[in-house]
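The sequence and structure are shown first.

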Amino acid sequence: MKTSTIFSIFASVFLSSISVVYAAEDVATASNVTDAIISNAEADGIDLFALDPAILNSALSEINSVYGQVEETAATERRRRSLGHLMGRQTPDRTDIIDVHTHAVPDWYKQMVPTTGGNPTPTWTIADHVTFMNNQGINKAIIAISAPGAGVYPGQKGLTVALARFLNEQVAAYCRLYSGRLGFYAVVPLPYTQEAIAEARYAIQNLGAVGVVLLSNHETYYLGHPSFKPFFQALNGLGGRQIVYVHPNTPYVKSGSQLIEANPTTYPTGNIEFYFETARTLMDLTLTQTIHNFTNIHYVIPHVGGAFPAAIDRILKSAPAIYDSSLQIYSTRFWWDSAGPTYYHQVAGLLGYGIPKSQLLFGTDFPYAPIFTQAGSLAAVKASTLFTAAEKTAIFKGNAANLFGSKLP
């Protein structure tokens, strides 16, 4: 087996402590985490060795390293909670926030994606992330890989599928490290629909993902594209409430086999164009009636909808047959996160459509939203005159608890 060339740094005796991530039968047959990852991928027809060996080794090394810290980190978390209780934890003023829009950036992934949305991809560690949570009063967070997700290799299915699996194994490891505080949305290798179905099932059923993250477009195809219908059908068919977290991606146009960035301005795509990407894909999901046809699926919408709320009437008045039903879905199965400077004024536009305040969630977009912006965005929610104290508490934690239920870490 090719594993002789791969990092493999702790013994199978430790695997008994990671049963949340690997099924018992996998643990019994794998000598270590590396072998378990490779074995599970092979069972799903995924060739992890299609990736560059340097990336492969770096990813496996980081995953193994994270699992090696589980017991020590659990003890540290117990001490933190104990000291926090003894000290009264007066600062920050609340410590129960649930962050539904935040990101992991493994160092090996940053090497592959040095820029995101026209800006430098941030440096990140799981330790820094937890420190950020503690300083902001965040108790639990649902993390995800940001754009481009697994779409680093346009047009190359094998590489895209392999990268999606590695990203999910990596983020699942982080969540195991802080099992009481972190959950994750799984990456899927769209536009390869059947492979995306298999990866969603594996991540949800084997790795414990709370849902999946879908980009606004996958290699130019927006989420209402007919080729994605089997994916939504399969996700809907898993039963119970399924959660799709929508995240904006760079817009592209296709020229032959090449993808060309379609930002018409001189400004970084992530600063402005991401808002319009959110509007495009929500329009597509609506007008194709994807959101109408698969009713087990709930959607976490970023940045209180980006540019979408400003365009809702313009879009739906041209499709009067689905006007009322679409607004009903926006009010019941869409959940709108606050990531970014959205509570100074922007959220008022969303509320103008009668969206219940019970559908509002809190998000930080850390670490892509710079740390210097975080205090202001958090303070804007706390200071908003649009909400009562009870409604703010619901935004910070209660609404997320209603959405995720037992899926919360």
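## Burial and surface

Of the 409 residues in the chain of this predicted model, 56% are buried. The accessible surface of the chain amounts to about 16500 Å². Carbon and sulfur atoms contribute 55% of that surface.

## Secondary structure and contacts

The chain contains 16 helices and 14 strands. Among contacts in the chain with a separation of 6 or more, 78% are made by residues 24 or more positions apart.

## Cavities

Three cavities of 30 Å³ or more are present in the structure. The largest cavity has a volume of about 60 Å³, and the second largest cavity holds about 50 Å³.

## Lining of the largest cavity

The lining of the largest cavity consists of 13 residues. Those nearest the centre of this cavity are Gly149, Ala150, Val187, Val188 and His218. By class, the lining of the largest cavity comprises nine nonpolar and four polar residues, with no charged residue.

## Lining of the second largest cavity

Residues that line the second largest cavity include Ala339 and Gly340, together with Phe362, Gly363 and Thr364. The lining of this cavity also includes Ala369, Thr373, Gln374, Ser377 and Leu378.

Four residues in the lining of the second largest cavity are nonpolar and six are polar. Ala339, Phe362, Ala369 and Leu378 are the nonpolar members, because Ala, Phe and Leu count as nonpolar.

Technical notes. Residues are numbered from 1 along each chain as its sequence is written. This is a predicted model: local features need pLDDT of at least 70, side-chain atom pairs count only at pLDDT 80 or more; totals for chains, interfaces and linings use all residues. Side-chain values use heavy atoms; hydrogens and water are left out. On a 1 Å grid over the protein atoms alone, a cavity is a set of points where a 1.4 Å probe fits but cannot get out, and a pocket is an open set with protein on both sides within 12 Å along at least five of seven lines; lining residues have an atom within 4 Å of a point. Grid points are joined across faces, edges and corners, and a volume is the space filled by probe spheres set on the points. Helices (H or I, at least four residues) and strands (E, at least two) are DSSP runs, numbered from the N terminus. Buried means under 20% relative accessible area, exposed over 50%, partly exposed in between (1.4 Å probe, protein chains only). Contact means heavy atoms within 4.5 Å. Accessible areas come from the Shrake-Rupley method with a 1.4 Å probe; for residues, only the protein chains shown count as cover.
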